[in-house]
Amino acid sequence: MNTIKHGLAVLGLIAAPAFAANPVSIHIDAGKPGPVINKYVYGQFAEHLGTGVYEGMWVGPKSNIPNTRGWRNDVVGALKELHVPLVRWPGGCFADVYHWRDGIGPQDKRPSNVYGNHVEEINAVGTHEFFDLIEMMGADAYVNGNVGTGSVQEMSDWVEYMTSDGGSPLARLRAQNGREKPFKVAYFGVGNELWGCGGNMKPDYYANLYSNYEHFLRAPETSRPKMIASGGSGFDTTWTQVLSKELKGRTTGITVHQYTVPTGNWDVKGKDLGFKEGEWISTLANALKMDQLVKDHVAVLDKNDPEKKIGLMVDEWGTWYDEAGARSALFQQNSLRDALVAALNFHIFHEHAERVTLTTIAQMVNVLQAMILTDKEKMVLTPTYYAFQMYAPFQDARSLPLAIKDNTRYALGAVNIPGVSASAARAKDGKVYLALVNTDPNKAVDVAVDVDGTKVHGAAGKVLTSAAMDAHNTFQDPQVIKPAAFSVRAAGGRLSIKVPAKAIMVVALEE
Ligand code: AHR
């Protein structure tokens, strides 16, 4: 018997019909663990863009909104609970116009600048403030350096400023600015989208530049950040091809950016809310393209880097809708559909855990597919926040092979996608977790689960669904959609799970 607790939104789904004669079968092989799913796959991106940093997270120490040294307490608290493992900052395109020296020293003495074609940057949030934020959150840093309008010297100085453990003038300057101990920079990115906003370059030219920048970066041997080379976009593997050949031994990862646009057309992308079923299915179908994209890039890496020293890092992904009427740049609402997009991407990243060692969703607050939306003193958690929360046990878990038999198909018009997507792993707490997505917005699906190598007595966890495809939380009504408790008992070592229509579910198996 399946039990879903709480939530008027899911009541109708509890009364689903009896279990089907031919359920979708999922077989997990717990005896043959695969690669570890790097916790950094669950990374986030915070760019100085729109209200992503200023207003959304930073309100300044004098604000009436409760804050700690300028960072909103409500937002930091919610992010801390999400166990965000890594934050990429300060961009994005912003990284290639940002000059770090403007963001250190007394805040009232920092310049206010318009960098490139970006809006005014007040520089209240600089290096020290960023580290204050992530240290409060318990996250690691992925700092993105400036190639486009910076210099080798400027980047080298920044890394030295952050990481040097004393004895250098830059370490002394850091101490003078209030931080004796070095900052821990887990990853350092050399530029962003060099083929576009980062400088309209060709990959060979960037490969040379990267080597030059990387060569001069000064950091203590024991705390040298892992270096990331900025790669291409979408299915074009040219950048991965060139960089993986040219930068062997000099990089731990090559990035790729891939956004999910409902219509697939960047001129008319599709709306965040009030969409029809045609855009539900096309969005999910476009999200699923991540699998082929990863395969294409991994094939190139497998050829050029058979030792598997270079990770594929999807450091910008997520939904991107039309901006009409947005309260700030790239602000969009976030609905149940976004949660499914996130979950489908997680399954793809788990599947390629050996190569996909880091990803950062775009973005953390108020920009694109955000975890959190704010309006002055108000804050709401989005369905994407809940997806990340439900999947937290997959961070640093050991992936488990899983086979799906007799899967359903969900089709509308010419679009046809798998009905069920699933992923399993043994988490650090020792339990086996199973994640399920039902892409069909109209029909619940019966799933039979059996596990090789262990006897299952039941499963318990959370389900996220709602009556509307675009169910979302608003500042007026922030509890419209949130996860509900779910549990099921096994019979004969097999679990029979009814997954509601348009749902994601994560359960821990009771062995
Ligand atoms: O995430 C928003 C923008 O999208 C980033 O600044 C840029 O890298 C990408 O084009």
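This is a predicted model: local features need pLDDT of at least 70, side-chain atom pairs count only at pLDDT 80 or more; totals for chains, interfaces and linings use all residues.
Biologist: In what order do the strands of the open four-stranded sheet lie?

Modeller: Strands of a sheet pair through backbone hydrogen bonds, in either a parallel or an antiparallel sense. Here the order is 18-2-23-26, and the pairing is mixed. Strand 18 (402-405) and strand 26 (495-499) form the edges; each has a single partner strand, so one side of each lacks a neighbour in the sheet. On average, neighbouring strands of this sheet are turned by 25° against each other, direction ignored.

Biologist: In which sense do strand 2 and strand 18 pair?

Modeller: Strand 2 (residues 24-29) pairs with strand 18 in the antiparallel sense, over four bridges. Within this pair, Ser 25 stands opposite Lys 405 of strand 18.

Biologist: Which residues of helix 7 are buried, and what covers them?

Modeller: In helix 7 (residues 238-246), the buried residues are Trp 239, Thr 240, Val 242, Leu 243 and Ser 244. Their cover includes helix 6 (203-216), strand 11 (226-229), strand 12 (253-260) and helix 8 (277-304).

Biologist: How many residues line the largest pocket, and which lie nearest its centre?

Modeller: Rolling a probe the size of a water molecule over the atoms shows where empty space is left. The largest pocket holds about 840 Å³ of space. Its lining has 36 residues, with Leu 49, Tyr 259, Trp 320, Leu 330 and Leu 368 nearest the centre. Strand 12 gives the largest share of this lining, four residues. By class, the lining comprises 17 nonpolar, twelve polar and seven charged residues.

Biologist: How much space lies in the second largest pocket?

Modeller: The second largest pocket contains about 580 Å³. Its lining of 26 residues has His 347, Ile 348, Glu 351, Leu 402 and Ala 422 closest to the centre.

Definitions and conventions
Residues are numbered from 1 along each chain as its sequence is written. Side-chain values use heavy atoms; hydrogens and water are left out. Buried means under 20% relative accessible area, exposed over 50%, partly exposed in between (1.4 Å probe, protein chains only). Helices (H or I, at least four residues) and strands (E, at least two) are DSSP runs, numbered from the N terminus. Contact means heavy atoms within 4.5 Å. Two strands pair if DSSP finds at least two bridges between them. Axes are lines fitted to C-alpha atoms, for helices over the stretch in contact, and angles run from 0 to 180 degrees between N-to-C directions. On a 1 Å grid over the protein atoms alone, a cavity is a set of points where a 1.4 Å probe fits but cannot get out, and a pocket is an open set with protein on both sides within 12 Å along at least five of seven lines; lining residues have an atom within 4 Å of a point. Grid points are joined across faces, edges and corners, and a volume is the space filled by probe spheres set on the points. Ala, Val, Leu, Ile, Met, Phe, Trp, Tyr, Cys and Pro count as nonpolar, Asp, Glu, Lys and Arg as charged, and the others, Gly among them, as polar.
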